[in-house]
Amino acid sequence: MDPEPDAAARVLSAIGEEDYGRLLAGLVTRFRDFDLAEEALHDAVLRAVETWPGRGVPERPQAWLMATAKNRAIDLIRSDEVRTRHLARLRIEDELRPGDHDDHAERLGEEMDAADLPDERLGLFFTCSHPTLREDERIVLILRFLSGLTTAEVAAGLLIETATMQQRIVRAKQRILKTGIPFGRPAPDELGDRLPGVLRVLYLIFTQGINATAGPAHTRVDLQHEAIRLTRLLVGYLPEQTEARGLLALLLLTRARETARVTPDGRPVPLAEQDRSLWDSRLIAEGTGLVDVAAGESGAGAFTIQAAIAALHADAARFADTDWKQILVLYRMLSDLESSPVVALNTAIALGQVSGPEAAMSALDELADDPQLLRHRPFHIARAITLDELGRTAEAEDAYAAGLDCPGNDAESEYITARITDLRR
């Protein structure tokens, strides 16, 4: 029987969330097996719950847990013929010393400081974001094994049934094993090719938190927080990578507007109507400082450009003070660098602010047949707003109605319905 939850909580509080993730990443990388690593670490925590109250918390609890988990993993491997062959490949039996596992853990704990534990989380970022994996698999693996969320928590965060999430995680882990996806950080000459995939996954997690694609709430602050925390972690590992800092700047500058982005009852508030006194000046200062440096470096790319756009919004005390001409220039730079329908949509919106609704409508009409945008709510909302500005009320209502037919959250649907009601008045 498992010990009481509060006892386990006390054990985990002795190591902290960051150390737990570090321990799990180290075990996954060492044994090349997510399930084995989780089971071994879970058993090590339970062993600590059983022994620490009587023997006291070790001087170096992280090292004790790592040693105990490694010993437990090897025991599990030895009891399974398939895993035994895996053990031979890893050649790690020589790490074992004779004697009781607890004694071994105590001795290792005396020799190894927590700071000496290898931090394999950077390598796990790249394993979980490998291009062989599907995009949805990359997201769930990072949330599960780098954020340290349980399967149920990941499922709740992404508004997916827990059973469905379990199947998705199982498929992703099987794909890693079957395709031989490497564990550990890529070679220096591969880093440039692989890093964009990691950054994209973190960005997707954040965007799901900023504008949920389903469910009752318009935003998910928990996902925003996790994306920022993980991006900070990545920047800490790779401080020389301009785009990693550019992404962090973008997330911070966007997160700064969170309180003003929704009404007290949860409905979205357009940028033009937001109370800017509610924006978080601390996050704005940090994000602006990051982008000011990143923008002048040769490695600046799409995320740094988007961060620069967010910084211009943050600089404006009022919506009317926004430097839309410079924003339009940046969107055109972004389009040259990374052309996509969504970038084209944002460019059209910026053009409308610079040159008027007729220019915006012309640009939006050129995008009207794009299949991706036809299922993208912001496209129809942009068309509706522009059509309304042009006095084409019936067409604006149709555009809002088209937006209701697209995937989106309930709060956003209520906002669109309210705008349709306003038009009919």
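Predicted model: local features only at pLDDT ≥ 70, side-chain atom pairs only at ≥ 80, totals over all residues.
**Exercise 1.** Determine how helix H14 packs against helix H15, and which residues make the contact.

*Solution.* 
1. Two packed helices are described by the angle between their axes and the distance between the axes.
2. For H14 (residues 281-294) and H15 (residues 302-315), the axes come within 9 Å and cross at roughly 135 degrees.
3. Angles over 145 degrees count as roughly antiparallel, and 65 to 115 as roughly perpendicular; H14 is therefore oblique to H15.
4. The handedness of the crossing between H14 and H15 is left-handed.
5. H14 contributes Ile284, Thr288, Val291 and Ala294 to the contact, while H15 contributes Thr304, Ala307, Ala308, Ala311 and Ala314.
6. Sorted by class, this contact of H14 with H15 comprises seven nonpolar and two polar residues, with no charged residues.

**Exercise 2.** Determine the relative orientation of helices H20 and H21, and the classes of the residues in their contact.

*Solution.* 
1. H20 spans residues 377-389 and H21 spans residues 393-404; their axes lie 8 Å apart, at an angle of about 170 degrees.
2. Since angles over 145 degrees count as roughly antiparallel, H20 is roughly antiparallel to H21.
3. The crossing in which H20 passes H21 is left-handed.
4. On the H20 side, the contact involves Arg377, His380, Ile381, Arg383, Ala384, Ile385, Leu387 and Asp388. These meet Glu395, Ala396, Ala399, Tyr400, Ala402, Gly403 and Leu404 of H21.
5. The contact of H20 with H21 contains nine nonpolar, two polar and four charged residues.

Notes
Residues numbered from 1 in each chain as written. Heavy atoms only, no water. Axes fitted to C-alpha atoms, helices over the stretch in contact; angles between N-to-C directions. Helix = DSSP H or I, 4+ residues; strand = E, 2+ residues; numbered from the N terminus. Parallel < 35°, antiparallel > 145°, perpendicular 65-115°, else oblique. Left-handed = near helix turned anticlockwise from the far one by under 90°. Contact = heavy atoms within 4.5 Å. Nonpolar A, V, L, I, M, F, W, Y, C, P; charged D, E, K, R; others polar.
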